Amino acid sequence: MKTQRFLQSLTRQLRQLRRQYKVLCRQGKWLGLVSSSRSQSSHKKLFRTIIRNILLYLLPTSEEGGHRQGRKAPQSTAKSLTSNHGIYAVVFRWLHQQRSAVILVIAVVTLTGVMGHELYNQPQMKIGTIAPQTFIAPYSASIEDQQQTEAERKLAQANSHPVLMINTQKNEQINENLRQLLEDANELRAIAGSFPFFDVSILSIPTQRYLRSCVPSEWEKLKLALENYQKQIYPSIPKSRTADRYQFSRSLPSPLSRLSTDAIKEESKIGKPDFDQALAELKAYSITTPNKNLSLLMTQISQIRAGYGQASAKLLQMEAERKQAVYGETVLLDLSDEDWTKTQMGIHQSAERILTQGIPPGLPRSILQDAVNLQLQLSVPGEAEFLATKVLLTVLRPNLQQDVEQTKQQAQLAAEQVASVMQKVRQGEVILKKGERITAWKFDVLDYYNLNRREVNWLGLSLLAGLVIAAIGVFAWVERRLGSHLRESDRLLILLLTLSIPSVLAMGVPYATWSAIGLLLGSFYGGTLGVTVVGLMSLILPITIEINKIGLVAGAAGGILSSYLAQRFKSREELALLGIVIALTQGSIYLFLNILVGAAFVHAWYTILQNALLFGLSGLAWSIIALGLSPYLETLFDLITPIRLAELANPNRALLKRLATETPGTFQHTLFVATLAEAAAKKLRCNVELVRAGTLYHDIGKMHDPLGFIENQMGGPNKHETEIKDPWKSAAIIKKHVTEGLVMAKKHSLPTAIQAFIPEHQGTMAIAYFYHQAQQMAKDDPSIILDQADFCYDGPIPQSRETGIVMLADSCEAALRSLKDATPEQALSMLNNIIRAKWQEGQLVDSGLTREEMPKIAQLFVEVWQQFHHKRIAYPKSKTSNDKSGNS
């Protein structure tokens, strides 16, 4: 409500200024200011008046119609300016008459000036050209050698060390490979069985390791030697009493002392310390344990050997499939379970520490191996170091990659730290001799002393101006093909919106106003004109301004999309959703094009994603700004949009609520006329929203005297017959609803396109009923002078298809309401007669409606009338209680 009150106040101020402008033009006050040049205050007042007139000239006036309704601009109001009172009168009248040309010149100059801002200060002499004369230093100075400075800074950038960052994907891959390797190791050890498999106080770790892994021949000899030993040490004990052997085993002499020399030699034929140690420990165990326990141990050892053999075969198979030996020459199967647990933990910890520190690309393997050995020294058992080292060297890979953005920043910082290379130039020193070729250093010196003759590049500006004129010509051609009649204020607004794109880019901001321009132009003037402007700007800008081509395409795509869809939405909430769609479109296109050209593989991914996100957010931000500006622009430039028309057609608006309350009959008449007109407008492809809103307000002037119109009398006495009894006064009351309606419309800041429905729906038709009464009175009294103009509306006749349709609907509505039992054919015949009369009176000559469309309109009106007056089922009447009792 605050915004609405502000806009209404602003509109009233503008309307007051326009009235002052018209008064000045009629009374010639501003011309009087020119003649009174003696006073200084008069000149100041003249200047203020001219400035005000120019502003008022650019602003829309209430006499001009809308752009999309095909309204014709009225004749120039400059007739009130006389040309015989001085040069100012002539100039101002000429500007007023040629304002379209003035707007064109302003457009060419401003567009060329903004887009060609780099052409204003270009040096006449360039690097590589020949010096036209000899140049001498006017004074001593220290001048920066920009070429040498740039070379040293580039060298500093090249020598800057790259910034590395950890590649988390590489780390995940390395950890996954390590996990797989250790799972394979655990699987092999599970097949081999637990280790140690027996009490280490009886069988030592080396012995158990040997018993698992010795060759079958050695194992068989070991069992045979153990069996012979048992036979020699217990020759007299029967087998049935072997269980009692343990009872007196402590009293027996040492077994070694009982062995014969031949037996000892026979057992030692293998000649291996591991064999001898295992045999000795088994012999000792055989003495201290029952024979049954020894047998169980030998059986367990056989099972362990079988599992170990399977694990060894599985290991060879894995190594062959892996094509890289990892566990083949290691002690994987010989480690105890406790040592293997410590080894796994040490491998994981060492890998985590090494990956955290990072492995750069190109690191020599020897350095990596030294780092692995250093980490494993205190992390794994000594006998497992070789195994752990081999596992880590197998899985570890470089996990550092270059951080492109940080590297670029570091290189930029290194370049900025390089001091400028300054060269001393003394006064009188020859900078450049005539005919000598200009080098980069000589050019810098000339530029420092302002001797390089900078000037405006008129040729470039001329070419740019020609390009701008060609673009304006394309726009004018599209406008003419569409049949749009743009006012000067519309062209000025289009120019201002268009200038925002190169202005933002000229300030160094890459996120131009593409989405805002497309949304506003599409809402105000239609999708075709909006797409035309955005497309032309996207073609011209790369020629004149250095701009990111991918950003240009992404922004232009957002602008084209918003232009095409803006007028399809009927609420500001839908336009807000469109802003989100524009943001997604711009960001997606920017990202896709970067991937397409390969930029995403050159730069860091997050940099491309960040820029894409910024482009998307910029599209959303500019869309929000456009939504905020839209109501103000609609009011200042007297524009109508589908959203504004929908807001005006809201029955809860104050003026329509008054109409429904104070003139209920007129309101019902208005609703029926709106229904008829909407149907015809939809069929003829006119602006349905404009027709609906315009029809709702076309009779608001009847609120000045509701009982003066028969639809509001509700069956009561007709004041024209009971009170007035004067056709001239009655006709004046009827005509006044047009003038009063215009006053109300202006007071409530209705758009000019809506105001046009108030006078144009009546045109210049005669008020037939009272005109006929006046004719009868003039016939009875010859002294009465009858002027038909007193009984005709002041007009103008309909100037658009929309107002013409409302005129026909308003004329046919009363006739359709009067029909009760008529057939559709009778109704159609009557409507054709009414519409034919309007055509023959010339009321529709400027509307744009064709004669061929008249029967279609009549048919549509009849169809709507049939929908309102359809037949109903005749329900039977209920019997009274008396009838029921009598029948009973």
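Guide: Helices here are DSSP runs of H or I with at least four residues (strands are runs of E with at least two), numbered from the N terminus. Keep in mind that this is a predicted model, where local features need pLDDT of at least 70 and side-chain atom pairs count only at pLDDT 80 or more, while totals for chains, interfaces and linings use all residues. Residues are numbered from 1 along each chain as its sequence is written, and side-chain values use heavy atoms, with hydrogens and water left out.

Who lines the largest pocket? There are 32 residues in the lining, and the ones nearest the centre are Ile710, Ile734, Ile767, Tyr793 and Ala814. By class, the lining splits into 14 nonpolar, ten polar and eight charged residues; Ala, Val, Leu, Ile, Met, Phe, Trp, Tyr, Cys and Pro count as nonpolar, Asp, Glu, Lys and Arg as charged, and the others, Gly among them, as polar.

At least two lining residues each come from H29 (664-683), H31 (719-724), H32 (727-747), H35 (768-780), H36 (801-818) and H37 (824-840). The top contributor is H36, which puts five residues into the lining.

As background, most residues other than glycine have a negative phi, and most peptide bonds are trans. Between H35 and H36 runs a loop that holds Pro796, and the Gly795 to Pro796 peptide bond is cis, with omega near 5°. In the loop from H32 to H33 (752-755) sits Ser749, a non-glycine residue with a positive phi, near 60°. Ser749 has a relative accessible area of 12%, so it counts as buried (buried is under 20%, exposed over 50%, partly exposed in between, with a 1.4 Å probe and protein chains only). Arg685, in the loop between H29 and H30 (688-697), also has a positive phi near 60°. Arg685 is exposed, though, at 80% relative accessible area.

Lys702 is buried, with 9% relative accessible area, whereas Glu711 is partly exposed at 24%. Elsewhere, salt bridges with shared partners tie Glu176, Arg179 and Glu183 into one network.

The structure has 19 salt bridges in total. Among them is the pair Arg209 and Glu383, at 4.0 Å, N to O. This one links distant parts of the chain, 174 residues apart: Arg209 belongs to H8 (residues 205-213), while Glu383 is in the loop between H15 (365-376) and H16 (385-395). Glu383 is partly exposed, with a relative accessible area of 41%. Another pair is Glu338 with Lys342, at 3.7 Å, N to O. Because they are four residues apart in H14 (residues 337-357), about one helical turn separates them. Glu338 is exposed at 54% relative accessibility, and Lys342 is partly exposed at 43%.

The bond from Phe195 to Pro196 is another cis peptide, with omega near 0°, and Pro196 is in the loop between H7 (168-192) and H8. Then there's Asp490, found in H20 (residues 488-506) and buried, with a relative accessible area of 0%. The C-alpha atoms of Asp490 and Phe637 are separated by 7.2 Å, although the two residues are 147 apart along the chain.

Conventions
On a 1 Å grid over the protein atoms alone, a cavity is a set of points where a 1.4 Å probe fits but cannot get out, and a pocket is an open set with protein on both sides within 12 Å along at least five of seven lines; lining residues have an atom within 4 Å of a point. A salt bridge is a side-chain nitrogen of Lys or Arg within 4 Å of a carboxyl oxygen of Asp or Glu.
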